[in-house]
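Look over the structure below.

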Amino acid sequence: SIYRGDWFQDKRQGTGELKSPDGSFYTGEWDNDQIHGEGFFFWAKDKSSYTGETIRGVRSGRGVYKDTSGNIYDGCFRNSQMDGKGLF
């Protein structure tokens, strides 16, 4: 994988982008070398995506998930799962 972005004390910190060899990528906020904050994920294998909040690498909080069939979920996530109020 290739990371381009901010570093602090040899750790990813601030804003950056991580690209995987398969074409998947994440662009957004990092904290203490972990995906944390607002960002955008794209998974090349199934062409799905997520835009929203992440806590220590886990989709948590408000976000929008789009799957390959065109379905869109706009709502709350916990532990990378749809949880609570949202529209599907």
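The chain exposes about 5,800 Å², and carbon and sulfur atoms supply 50% of that area. Accessible areas come from the Shrake-Rupley method with a 1.4 Å probe. This is a predicted model, in which local features need pLDDT of at least 70, side-chain atom pairs count only at pLDDT 80 or more, and totals for chains, interfaces and linings use all residues. Residues are numbered from 1 along each chain as its sequence is written, and side-chain values use heavy atoms, with hydrogens and water left out.

Now the fold. The chain has eight strands and zero helices; strands are DSSP runs of E with at least two residues, helices runs of H or I with at least four, numbered from the N terminus. The radius of gyration, taken over C-alpha atoms, is 13 Å, close to the 12 Å from the globule rule for 88 residues, so the chain is as compact as a globular protein of that length. That rule is 2.2 Å times the number of residues to the power 0.38. The C-alpha trace spans about 40 × 25 × 15 Å along its principal axes.

Next, the inside. Of the 88 residues, 27% count as buried, meaning under 20% relative accessible area. The largest nonpolar core has nine residues, among them Tyr26, Trp30, Phe41 and Tyr50. Such a core joins buried Ala, Val, Leu, Ile, Met, Phe, Trp, Tyr and Cys residues through side-chain atoms within 4.5 Å. Strands β3 (25-31), β4 (34-43) and β7 (72-78) each give two or more residues to this core. In soluble globular proteins, nonpolar side chains tend to be buried together.

Definitions and conventions: Buried means under 20% relative accessible area, exposed over 50%, partly exposed in between (1.4 Å probe, protein chains only).
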